[in-house]
Amino acid sequence: MMEEGVYGGGKAGAPFDPLTFLQRPQVILRAVTWLFSVVIFGCISSQGWIKDKTGTALCLYNDDSNACNYGVGISVIAFLASIGFIVGEYFFEQMSSVKTRKRYVMADMGFSALWSFLYFIGFCYLTNQWSNARTPLYGVNNMQAAIAFSFFSIFPWAGAAYLAFLRYRQGSDQAFAPSYEADPTNMGGYNSYPDATDPDGGYSQPPFAGQPPQPQSGMQQAPPY
């Protein structure tokens with residue numbers, strides 16, 4: 001069994017509570033990123049393309065097919081990754097190895113930070129291409145919604161990266177914590193040293209110190225008068 005609290009997780013093998021699992025911040029953020037990814041690639045895929053007179057499909061973002069492909073690409077990967085991390089959160093409590101938990105937390109932190117940055121790039125890219133594009137006859141709301149949700153997606157991915165960082169720091173602090181604790185009952189010094197709590201100098205009185213010396217064997221004791 002694993003100690004409770006390692007890398008922010010509970011004790012391995014603990015019973016699964018669905019309500020507690022759904023209320024965890026990591027799971028809530030993953031559900032939000034999953035929903036936003038569905039909105040983005042759904043908007044672009046459904047009405048992001050138009051065919052010209054020759055039958056060639058043109059992207060509504062200033063006829064830049066790379067803009068549409070970029071928005072759909074990062075959103076599809078975000079969709080799959082969000083599902084994967086939700087499943088990972090379920091199995092995180094079952095991980096009995098500290099190294100396995102550490103790798104998962106590091107992967108979560110790195111991927112979430114990267115996708116937050118990619119969504120920021122996507123928001124700037126799509127906004128720039130849309131501002132230079134001619135206004136289409138249809139699909140305006142979808143294109144603007146994809147831009148808006150690209151901006152919104154920056155924050156839940158950044159939040160997931162921050163929570164993963166807190167987990168990693170907590171696990172690192174526990175890894176380098178001392179393996180011993182001070183004895184709370186040992187508040188004073190040793191009685192055999194002068195600087196201990198004994199006011200007489202710290203040395204305990206030897207046994208039989210108050211008794212008179214006993215006569216040695218073979219010696220006659222003088223009679224009392």
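This is a predicted model: local features need pLDDT of at least 70, side-chain atom pairs count only at pLDDT 80 or more; totals for chains, interfaces and linings use all residues.

Trainee: OK, and which aromatic pair does Phe92 form?

Mentor: Phe92 pairs with Tyr104, and the pair is tilted: 5.5 Å centre to centre, with 40° between the planes. Phe92 lies in helix 3 and Tyr104 in helix 4, so the pair ties together parts that are 12 residues apart in sequence.

Trainee: Is Tyr104 buried or exposed?

Mentor: Buried, because its relative accessible area is 12%, and the cut-off for buried is under 20%.

Trainee: How do helix 3 and helix 4 cross?

Mentor: Helix 3 covers residues 65-92, and its axis comes within 10 Å of the axis of helix 4, crossing at roughly 155°. That makes the two helices roughly antiparallel, since anything over 145 degrees counts that way. The crossing of helix 3 with helix 4 is left-handed.

Trainee: What kinds of residues make up the contact of helix 3 with helix 4?

Mentor: They divide into 18 nonpolar, 5 polar and 3 charged.

Trainee: Staying with helix 4, where does Ser116 sit?

Mentor: Ser116 is in helix 4, which runs over residues 98-132. Ser116 counts as buried because its relative accessibility is 10%.

Trainee: What is Ser116 in contact with?

Mentor: If you skip neighbours within four places in sequence, Ser116 is in contact with Ile154, Trp157 and Ala158.

Trainee: Switching topic: how many aromatic pairs are there in the whole structure?

Mentor: A search of the whole structure finds 17. One of them is Phe36 with Phe149, where the ring centres are 5.2 Å apart and the planes are at 70°, so that pair is edge-to-face.

Trainee: And where do Phe36 and Phe149 lie?

Mentor: Phe36 is in helix 2 (residues 25-47) and Phe149 is in helix 5 (residues 140-175), so this pair ties together parts 113 residues apart in sequence.

Trainee: What about accessibility for those rings?

Mentor: Phe36 counts as buried, at 15% relative accessibility. Phe149 is partly exposed, because its relative accessible area is 23%.

Trainee: Last one: which residues do ring pairs link into a cluster with Phe36?

Mentor: Phe123, Phe149, Phe151, Phe152 and Phe155 join Phe36 in that cluster.

Trainee: Great, I'll go and find those in the viewer.

How values were computed. Residues are numbered from 1 along each chain as its sequence is written. Side-chain values use heavy atoms; hydrogens and water are left out. Helices (H or I, at least four residues) and strands (E, at least two) are DSSP runs, numbered from the N terminus. Buried means under 20% relative accessible area, exposed over 50%, partly exposed in between (1.4 Å probe, protein chains only). Contact means heavy atoms within 4.5 Å. Axes are lines fitted to C-alpha atoms, for helices over the stretch in contact, and angles run from 0 to 180 degrees between N-to-C directions. Angles under 35 degrees count as roughly parallel, over 145 as roughly antiparallel, 65 to 115 as roughly perpendicular and the rest as oblique. A crossing is left-handed if the near helix is turned anticlockwise from the far one by less than a right angle, and right-handed if clockwise. Ala, Val, Leu, Ile, Met, Phe, Trp, Tyr, Cys and Pro count as nonpolar, Asp, Glu, Lys and Arg as charged, and the others, Gly among them, as polar. Rings of Phe, Tyr and Trp (its six-membered ring) pair if their centres lie within 6.5 Å; planes under 30 degrees apart count as stacked, over 60 as edge-to-face and the rest as tilted.
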